[in-house]
Amino acid sequence: MVSATVARNIAGIFGNIISLFLFLSPIPTFITIYKMKKVEEYKADPYLATVLNCALWVFYGLPIVHPDSLLVITINVTGLAIELFYLSVFFYFSPTQGKVKVKVGIWLIGEMVFVGIVATCTLLLFNTHNQRSTFVGIICVIFISIMYIAPLTIMSKVIKTKSVKYMPFSLSLANFMNGVIWVIYALIKFDLFILIGNGLGTIPGAVQLILYACYYKTTPKDEEEENLSKANLQLSGNEEHAKRVSA
């Protein structure tokens, strides 16, 4: 009989693997940016949002806040490093004359200050793990809930156009499975905030799969290959970061 600890670790490892796939999904976007030597119309907003999200979950998983959360730390540290790499590429290829670099710099500084304030308040105002994890967990859930708004625009477009060309099946399935795996992880050794964060994430993931089943046949077949690359670039830069992983 597998113990609860082992089962939880297995779920966490699978969650790390799926989450890593989601973090890496914007790579085609940055290959395109590298080839063009400019960022064109791509936005840094999803990557900035994911940096903050990952940083907060890393802090949540620390032993001084929520013990026994190593797998939460590993995937979010990895995600944080990947997102910072994306932003460095974005920053490098942004126009020298313009507001993009200033915006990215200001947002990153603001996010560091915010995480610092959260950390300071957590350590100074709360003395127990339960109090600290509750305070930080609430903040994490608020931010991840806001990020789940992003996929709504893609789903709305699918319904209006009756086409799934901008909603790749692989990412939709991965997003759904990511939420399910982390929900299982949270239930084995009950963690309310990981449960809420990822439970909310499974809803848009499931809706996307339903929409895919409904509109796959109405998607123009002659445009599929032409738009596959565009679909991955657009969705990976927006939606993946909303799922991005709240665990």
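What share of the contacts in the chain with a separation of 6 or more comes from residues 24 or more positions apart? Such residues account for 82% of those contacts, where a contact means heavy atoms within 4.5 Å.

## Basis of the model

This is a predicted model, in which local features need pLDDT of at least 70 and side-chain atom pairs count only at pLDDT 80 or more, while totals for chains, interfaces and linings use all residues. Residues are numbered from 1 along each chain as its sequence is written, and side-chain values use heavy atoms, with hydrogens and water left out.

## Overall architecture

The chain has 10 helices and zero strands. Helices (H or I, at least four residues) and strands (E, at least two) are DSSP runs, numbered from the N terminus. In that order the elements read α-α-α-α-α-α-α-α-α-α.

The chain has 247 residues, 47% of which count as buried. Buried means under 20% relative accessible area, exposed over 50%, and partly exposed in between (1.4 Å probe, protein chains only). The accessible surface of the chain is about 12300 Å², and carbon and sulfur atoms make up 73% of that area. Accessible areas come from the Shrake-Rupley method with a 1.4 Å probe; for residues, only the protein chains shown count as cover.

Helix H1 covers residues 4-24, 21 residues in total, and reaches 30 Å from its first C-alpha to its last, close to the expected 30 Å. The expected span of a helix is 1.5 Å times one less than its number of residues. The buried residues in H1 include Arg8, Gly12, Asn16 and Leu22. Leu22 has a relative accessibility of 0% and therefore counts as buried. Its C-alpha atom is separated by 9.3 Å from that of Gly79, 57 residues away along the chain.

H5 has 26 residues, which should span 38 Å at 1.5 Å a residue; the end C-alpha atoms of H5 are 37 Å apart, in agreement. Val104, Glu111, Val115, Val118, Ala119 and Thr122 are the buried residues of H5, and they pack against H3, H4 and H6. An α-helix has 3.6 residues a turn, so residues three or four places apart point the same way.

## The H5-H6 loop

Phe126 lies in the loop between helix H5 (100-125) and helix H6 (129-147). Its relative accessible area is 22%, so Phe126 is partly exposed. Leaving aside residues up to four places away in sequence, Phe126 touches Cys121, Gln131, Arg132 and Phe135. Phe126 and Val65 are 61 residues apart in sequence, with their C-alpha atoms 9.7 Å apart in space.

## Aromatic pairs

There are 13 aromatic pairs in the structure. Rings of Phe, Tyr and Trp (its six-membered ring) pair if their centres lie within 6.5 Å; planes under 30 degrees apart count as stacked, over 60 as edge-to-face and the rest as tilted. Tyr47 and Tyr86 form an edge-to-face pair, at 5.8 Å centre to centre and 70 degrees between the planes. This pair links distant parts of the chain, with Tyr47 in helix H3 (residues 45-61) and Tyr86 in helix H4 (residues 70-93), 39 residues apart. Both Tyr47 and Tyr86 are buried. Phe30, Tyr47, Phe85 and Tyr86 form one aromatic cluster.

The rings of Tyr60 and Phe193 also form an edge-to-face pair, because their centres are 6.3 Å apart and their planes stand at 80 degrees. Tyr60 lies in helix H3 and Phe193 in helix H9 (residues 192-215), so the pair ties together parts 133 residues apart in sequence. Tyr60, at 1% relative accessibility, counts as buried; Phe193 is buried with a relative accessible area of 11%.

## Charges over rings and positive phi

A charge sits over a ring if NZ of Lys or CZ of Arg is within 6 Å of the ring centre and within 35 degrees of the ring normal. Lys37 lies over the face of Tyr34, 3.8 Å from the ring centre, and Lys101 over the face of Phe91, at 5.2 Å.

Most residues other than glycine have a negative phi. Lys37 has a positive phi, near 65 degrees, and is placed in the loop between helix H2 (27-36) and H3. With a relative accessible area of 46%, Lys37 is partly exposed. Asp68, in the loop between H3 and H4, has a positive phi near 60 degrees. Asp68 counts as exposed, at 52% relative accessibility.

## Cysteines

The structure holds zero disulfides, a disulfide being a pair of cysteine sulfur atoms within 2.5 Å. Cys54 is buried at 0% relative accessibility, and Cys121 is partly exposed at 27%.
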